[in-house]
Amino acid sequence: MISLKNVSKWYGQFQVLKDCTTQVGKGEVVVVCGPSGSGKSTLIKTVNALEPVQQGTIMVDGVNVTSKATDLAKLRSKVGMVFQHFELFPHLSIIENLTLAQIKVLNRSKEEANEKALGLLDRVGLLAHADKFPGQLSGGQQQRVAIARALCMDPVVMLFDEPTSALDPEMVNEVLDVMVELAYEGMTMMVVTHEMGFARKVAHRILFMDEGTIIEDTPKEQFFTDPQSDRAKDFLAKII
Ligand code: ADP
Ligand code: MG
């Protein structure tokens, strides 16, 4: 579903991604971890072309992301993305947040978009909050809305960039629970997170990045029991 082949990226002289190659199969959950500044956010943003790359090839569901001919709006409607900060539109109600792109990008009717939105709000346990504004919800609730909003577009892939790291600790699990459910339903996911409990539960593989390089791309069990690199060992020792 996702393939990165020899992807390199520079910011000026600084090489942020160094020859990164990996694949994520349909229904696979890949957790990306590694120290701060190692290129995790940049890597997953290349998948929906939020970050252009200078070298390499990226394919999503058969679409060449790195080709100039690709319709990026269409690509991004297939790729849901949830960030650390929820990035809901503060001046729109929750239901309006969930229907806007469905109507504008997918040309759904208002009724159709509403129906989809209400179904997904129900699924993340927030149906009663449809007419509130983002500022009236807790951080955990807002992040669940952000996930529901992404799912409204019927994405084939979901990308998460530290979705729980800006939340108060008591709200982390309500967001992870939604993500775990999504994983069990077979969504293809790339998740940057330091939540190793989540990784142990649902990840198929772990990518460990350091200084722009994917230094491990390992099945979950092996990563936790027998990481290959010293840097991954050090990292695990610090966070577990
Ligand atoms: P991570 O998500 O692993 O913390 P990032 O992908 O955000 O890492 O960043 C990787 C490196 O690229 C960091 O050293 C960061 O300072 C640098 N970087 C990120 N964005 C930019 C930018 N727009 N311009 C220059 N350097 C950047
Ligand atoms: Mg980051």
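Entry 1: I then followed β1 (residues 2-11) against β4 (residues 55-60), which pair in the antiparallel sense over five bridges, and I noted that the bridge partner of Ile2 in β4 is Val60.

**Entry 2: conventions.** I kept to residues numbered from 1 along each chain as its sequence is written, with chains lettered from A and ligands numbered from 1 in the order in which they are written. For this predicted model, local features need pLDDT of at least 70, side-chain atom pairs count only at pLDDT 80 or more, and totals for chains, interfaces and linings use all residues, while side-chain values use heavy atoms, with hydrogens and water left out.

**Entry 3: the six-stranded sheet.** I traced a second open sheet, in which six strands follow the order β6-β7-β8-β3-β9-β10 with mixed pairing. I found β6 (79-82) and β10 (213-219) at the edges, each pairing on one side only, and a twist that averages 15° from one strand to the next. Helix α6 (residues 169-184) packs on this sheet, touching β3 (29-33), β7 (157-161) and β8 (188-192), and its direction makes about 145° with that of β8. Helix α9 (residues 230-239) lies across β3, β9 and β10 and runs at about 100° to β9.

**Entry 4: β9 and β10.** I checked that β9 (residues 205-210) and β10 pair in the antiparallel sense over six bridges, with Pro219 in β10 as the bridge partner of Arg205. The two strands form a hairpin with two residues between them, and Glu211 in the turn has a positive phi of about 50°.

**Entry 5: ligand 1.** I listed the residues around ligand 1 (a heavy atom within 4 Å), which include Tyr11, Phe14, Val16, Lys40 and Thr42. The largest share of this shell, three residues, comes from α1. Among the polar contacts (N or O atoms within 3.5 Å), I noted a nitrogen atom of ligand 1 at 3.4 Å from an N or O atom in the side chain of Tyr11, an oxygen atom at 3.1 Å from a backbone N or O atom of Ser38, and an oxygen atom at 3.0 Å from a polar backbone atom of Gly39.

Note on methods: Polar contact = N/O pair within 3.5 Å; in protein donor to acceptor, adjacent residues only side chain to side chain. Helix = DSSP H or I, 4+ residues; strand = E, 2+ residues; numbered from the N terminus. Pairing = 2+ DSSP bridges. Axes fitted to C-alpha atoms, helices over the stretch in contact; angles between N-to-C directions. Contact = heavy atoms within 4.5 Å.
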